[in-house]
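Subject: Structure for you to look at

Hello,

Here is the structure I said I would pass on. Please open it first and keep it in view while you read the notes below.

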Amino acid sequence: MAFKNFKVETDIDGIALVTWDIPGRSMNVLDETSTTELEEILKQTTADAAVKGVVITSAKEAFCAGADLSMLEGMNKEYAKVLKEKGEVAANQMLFDQSRRFSLVLRGIETCGKPWAAAINGLALGGGFEVTLSCHYRVAAENPKTRLGLPEVKVGLFPGAGGTQRVPRLVPPQDAMTILLKGDPVTVDKAKALNLIHAIVPAADLIKAAKDWIKGGGKAVAPWDEKGFKLPGGPVFSKAGMMMFPAGNAIYRRETYDNYPAARAIMSCVYEGLQLPIDAALRVESRYFTQVLRSKEAAAMIRSLFLSMQELNKGARRPQNVPASKIKKIAVIGAGFMGASVGYVSARAGLDVVLIDRDQESADKGKAHAKSVIDGLIAKGRAKQAEADAIMSRITPTADYAALGDCDLVIEAVFEDRKVKADTFAKAQQYLKADAIFASNTSTLPITSLAENFKEQGKFVGIHFFSPVEKMMLVEIILGKNTGDVALAAALDYVRIIGKTPIVVNDSRGFYANRCVGRYIAEGNEMFLEGVPPAMIENCAKMAGMPVGPLSLSDEVALDLGLKVIKATEADLGPNSINPDQKKLMVELVEKQGRLGRKNSKGFYDYPEKGKGQKSLWPGLSALQPKQLDPDTIDIEELKQRFLVVQAVEAARTVEDHVITDPREADVGSILGFGFAPFTGGTLSYIDFMGARKFVELCHKLEAKYGSRFTPPKLLEDMAASGETFYGRFPPKKAAA
Amino acid sequence: MPEAYIYDHVRTPRGRGKADGALHEVTALALATVPLQALKERNNLGEDVVDDVVLGVVDPVGEAGSDIARFAALKAGLGETVPGVQISRFCASGLDAVNFAAAQIMAGQHELVIGGGAESMSRVGIGASGGAWPMDPSMAVPAYFMPQGVSADLIATKYGFSRDDVDSYAVQSQQRAAKAWDEGRFSKSVVPVKDVNGLTILAKDEHMRPTTTMQSLAQLQPSFTVVGQMGGFDAVAIQSHPEIERVNYVHHAGNSSGIVDGAGAVLLGSKEAGAKHGLKPRAKIRAFANIGSEPAMMLTGPVDVTEKLFERSGMKKSDIDLFELNEAFASVVLRYIQAFEIDNAKINVNGGAIALGHPLGATGAMILGTVLDELERTNKSTALVTLCIGGGMGTATIIERV
C-alpha cells in the first residue's frame, strides 16, 4: 500500500525500511496523516510474516521537528465546539482520546513483537524524538549539528506520547527532570552519554547499522517490559527518591513560581508514572496531557511563542510589493555601548559594518567591544577563533563619514539629543547613496519629528534595539508618519538577517515596549510609596511572572536616567503628567543620596564588588517610605495583578492609539522585549484569556483603589460590552509563506 | 459529661538517637513496653482493667509498624482483653494520644485508658514512613513543602530572631534541664530501661550538654543553609512569604531538638474508675484542641491552637501558671513567647527538647507529665501543653490539678 508521508521498502532480509518524507515540506512534522499512516504501517508490518523487523528513518535533513502545533490549535477549536454542544465531560473525553491515540501507536511499536530500530539521520525533537524512544534501538548519524530532545515545555506543553515515562526509565531521575523541564535539546554525543540513544555511526552507515542490529538478533522488548526491570534511580519511595523528589518540587517552584502547568504536570507524570507499570503510566501521562492541553497557558504559549513568533520572523508585516532588499553593508554611527553592539550582531550575521564615531579612537573602542564579546564566547567554547577573525575583519572603525558612501543601511545610535541627532543627519546625508535607508535607534524621541531633519522622510525609519543587544531578541521598527514601504521592508529584511524578531509599531512617545515597561517600573515605585516592603515588591513581581523586579530594573536602567525621564515628561506634558511623590523619591535617591543604580553600585540595592556575594536591598530604603505596611495585611494576589494589569492596560491603549496594529506584535513584543509573564502569552493575550469584561472589572476595581493609571481605554470598554477579543477584533494577517 | 483524670505518668530516659546511643539496642517494641509496664506496676493495675492503649508513633514502619500499641500492651502484661491503637499526628502524636484517651473517657464509653507514645529514632529513622506531602508535586508545591528546619529559619527571619536570640534560648534550655536533673525534679517519673536480666541499660537522659555556652554554640554552622540554597527551599520560603529578601539561617544542632529514643505513657480514667482501682487523681484534662495552620511556616501552629483553645475553653493567658511548648526549634518557642507576651519564667521551666531530645511520637505525653510534676512541685494549678506539628498543625491541652 502506498503512503503519502512514508515510503516502505522491505529488503531481502525481511527488514522494512520506513522512510518519513512529507511531500512539500522541508521538515517532517508529526501531523494527523503521519499518525494515521504510522499506525497503518505498524499494522501491516506486524501482520506480514515476511517482515522480520523495521527501521524508521527520514529522507529529509532532519528526522522530525516534532508535532505540528497548528494541529493542536485545531484540536483546541474542536474542543471548544464539543464543549459548547455536548458539555465538559464529553469535550474532555474527546481530548483525552485524541491525546491517547498517538501514545498508543507508539506503545504499539514497542510491543508489536518485531524489533524496530530508529535510524536518526538528523534533528529529532518532541513527538519526533518520542517516536525514536518507542523503538527498541536508536542509532544516530554522526553530526555535531544534530540536536535531540523534548522542547515541548518551552511552548507550555510536555512530551505526552511517552516522553515523561520513557526518559526517566532510561536515565537517572535528576537528568530526566533536566531534560524534560528545561527542554534543551542535546547533541548526539550527549544523548549517547545519557543513554538516550544506543549508538552513533557515520552518516553513510546509518541504515546499515540499524539493519545490522536487527539481523544480529536485536530484541523486540523494551527494558521496562522485561521481568526484573529496575528504574535507573531506584524506586520513588527509596532513599534516593527521597533525596530527589522533595528538592525537585522545590526547584520546580524556584524556576517557575508555579506559573507553568506543563512543568508541574511533568513532575506529577514522573512521580506517579514511576510507581506504575508502563501501560498504566502512559495512561496517567495522557490524563495530564489532556489537562495541560485544556490550560490557557498552553494555548497562549503555543500561539505567541510558537505560531506568532514564527509568523513575525517570516515577515508577516512586510509589504508584499517591495522586492527583497539587498543589504550587504551597513553603517552604525555612534560607537558607544549600543552602537558597538549593533555593529557586532550585524557583523556576526555576515554583514560588512562601518563603525563611525567622532574620532578614530572612539570608533576603535566600539570595535574593541565587539572583540570582547566574541572573546567571551570563545572562552566559553561557544565560538571558534576563525569565526571571530571573520567577524572582526568585517568591522571597519572610522571617523570618516565618507565611508557611508556604499552602505545600504545606516543606523544612528548617537546621544539622545535632538540637536546632536540633527547634526549627525546633516553630516551623513551628503554621503549616502541614492537608495540607502536611514534608521534611528532612538528609544525616546518620536521618529516623525526626527525625520523632519532628514531630506527624504520616506527613507527614514526607527530601528529600536533593546539592551543588551547580543541577548535581546526583539527589535522594534517604528514607522514615522512619512516612512515608506521600501524603508519598512529594508528594516524588516535587516532584522531577519541578524536573526531577531521584529515588531512594527507606529510612532508615539516610548513607542510600545518602553511605554509598557515604564508603567511596570512606576508601579513598583507606587508600591514602595504605599509602604509595601521592598522585598515584597520585587518578589511579587517575579511571582507574577516578570523576570526582574521593578526596583532592580530601575537600578539597571539607572535611577538618574529615570529621574531625567520624569523631569522631561513634566516639562513636555505638564505637572499633572507625573506623580510628584515619585519624583520626590527619585530626587532623594539620586540628588541627595547619590544613588544612581547599578552603575555606581548604589541604587535601590547595594551592589558588592564582583565575586563578593549577592546584591541586597539598601537598608536605608525604609526611611524613604512615608509609612510601612504590615506584610501580613497585604494582598499578595493583588500586588501580582497590579504588575500585569498596569502593563496590559497600557498595551490596550497602544492599540487604541494605533501604535500597535497587530495583536501578535504586542504579545510577542512584550515577552521578548521586557519579559512580560510568558505563560500569559503576552500583554493582549493576558486580557483575551481573562476576557475583556473581567479584565475591565478588574481595572475598575484597581482604579478605585489606586488611580487613573488603571482606567481602561474606551476600546476595552467596547470590547467588554461586545465580548470581543483582540485577536477577534483585530485579526492578524496570515504570514507570507 | 464525665471528667477525664490523670492518675499517673511515666517516661523512659531519652537515649541519644544514634547507633552509639544507649537505647539503640532496645527494640521499638521493648521500648514502648517500658512505660506501660511501669504504669501497671506503680498503680497495681490488675489484668484486663484497661479499656484501651493509644500510642503515638510517627514512623510506624518496620519493627514499629503494624499497630505496635496492641503488642506493647500484651508484652506489658496488661491482659489479652486490652486492645491498642497506634496514631500519628507527627510531633504531637503523644499529646494527641492522651487527648484521644481523655476523649474516650469524657464520652463515657471507656473507664481507664492509657495514652502515650514511643519512638525509636535510632532504629527506625526519621522519615522512614515516607508520605505524599514532600514527594507528590500535587501536594508539595501548593503546600510550599520545605524541611522543618527551613521553616524554623523562616520563622526566625519573619519574626526577627537573630542567631544570638536562638542560641541564648538554647543555652537556657540546657541550664534549666541540668538544674532539673540536679534537683531531682524528673525522678518521680523517669523509669529506667532494663535488660532481660533486670540490669539497667539507661537511667538518665543522655542527650544533654549542660556545659553549653554561647561561645560553644557559636562554633556550629547553620544546618539548613545547604538544603535551602542547593535544594531550592530558599525560593519556596521566599515565595510563601515574599516580604523576605533572604532566609536568615540560624538553626543548628545546638538550638534544635535532639534526635533521641524514648517512650512515655499517661494513665487516665473517670472518677469512678479511679475509686474502683484505688487510684488518686493528680489532675484533670480541662480542655484540648487541634488546628491546622499555615503549612509553609508550618511550626506556628501552637500560636493558632492556643488562641482556639482559649476561645473554646473560655480561659485566658492569666489562667495558665505554666506553659510547656515542645522545643522543636528555638524560634518556635521564641515566636510563641512573642505572640502571647509570656513571662520567660513560666515557660519550659525545666528545659525542653533542645537539651533533652524529642522522641517524636512520645514527646507530647512526656512533656505533659513533666509540667504536671512541676505544678505539683511548685504547688501551682494549671498548665498548657502544646507542640508544633509537621504539615502546619497544632495540638494543645490544658490540665488542672485536683
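This is a predicted model: local features need pLDDT of at least 70, side-chain atom pairs count only at pLDDT 80 or more; totals for chains, interfaces and linings use all residues.

Domains of chain A

The domain assignment divides chain A into three parts: domain 1 covers 6-294, domain 2 covers 329-509, and domain 3 is made of 514-658 + 662-729. Between the C-alpha centres of domain 1 of chain A and domain 3 of chain A there are 42 Å. The contact of these two domains involves 4 residues from domain 1 of chain A and 4 residues from domain 3 of chain A. On the domain 1 side, the residues sort into 2 nonpolar and 2 polar, with no charged ones.

UniProt, in an unreviewed entry, lists residues 329-507 of chain A as "domain: 3-hydroxyacyl-CoA dehydrogenase NAD binding". That stretch of chain A, residues 329-507, is 40% helix and 22% strand. Its end C-alpha atoms are 27 Å apart.

Where the two chains touch

How many residues of chain B are in contact with chain A? There are 22 of them, and they meet 28 residues of chain A. Three helices of chain B each supply at least two residues to its side of the contact: α5 (132-135), α6 (137-140) and α11 (233-240). Of the elements on that side, α11(B) gives the most, with 5 residues. By class, the side of chain B that touches chain A has 13 nonpolar, 6 polar and 3 charged residues.

An annotated span in chain B

For chain B, an unreviewed UniProt entry carries the annotation "domain: Thiolase C-terminal" over residues 279-401. Residues 279-401 of chain B are 35% helix and 25% strand, and the end C-alpha atoms of the span lie 15 Å apart.

Two helices of chain A

Finally, look at helix α28 (residues 692-706) and helix α29 (residues 714-722) of chain A. They pack with their axes 7 Å apart, at an angle of about 130°. Why are α28(A) and α29(A) described as oblique to each other? Angles over 145 degrees count as roughly antiparallel and those from 65 to 115 as roughly perpendicular, and the angle of about 130° is therefore oblique. The crossing of α28(A) and α29(A) is left-handed.

From α28(A), the contact uses A:A692, A:R693 and A:V696. From α29(A), it uses A:L716, A:E717, A:M719 and A:A720. These residues divide into 5 nonpolar and 2 charged, with no polar ones.

Regards

Key
Residues are numbered from 1 along each chain as its sequence is written. Chains are lettered from A and ligands numbered from 1 in the order in which they are written. UniProt positions are given in the numbering used here, feature names are shortened, and annotations may be inferred rather than shown by experiment. Helices (H or I, at least four residues) and strands (E, at least two) are DSSP runs, numbered from the N terminus. Domain bounds come from an automatic or database domain assignment. Two residues are in contact if their C-beta atoms, placed from the backbone, lie within 7 Å. Ala, Val, Leu, Ile, Met, Phe, Trp, Tyr, Cys and Pro count as nonpolar, Asp, Glu, Lys and Arg as charged, and the others, Gly among them, as polar. Axes are lines fitted to C-alpha atoms, for helices over the stretch in contact, and angles run from 0 to 180 degrees between N-to-C directions. Angles under 35 degrees count as roughly parallel, over 145 as roughly antiparallel, 65 to 115 as roughly perpendicular and the rest as oblique. A crossing is left-handed if the near helix is turned anticlockwise from the far one by less than a right angle, and right-handed if clockwise.
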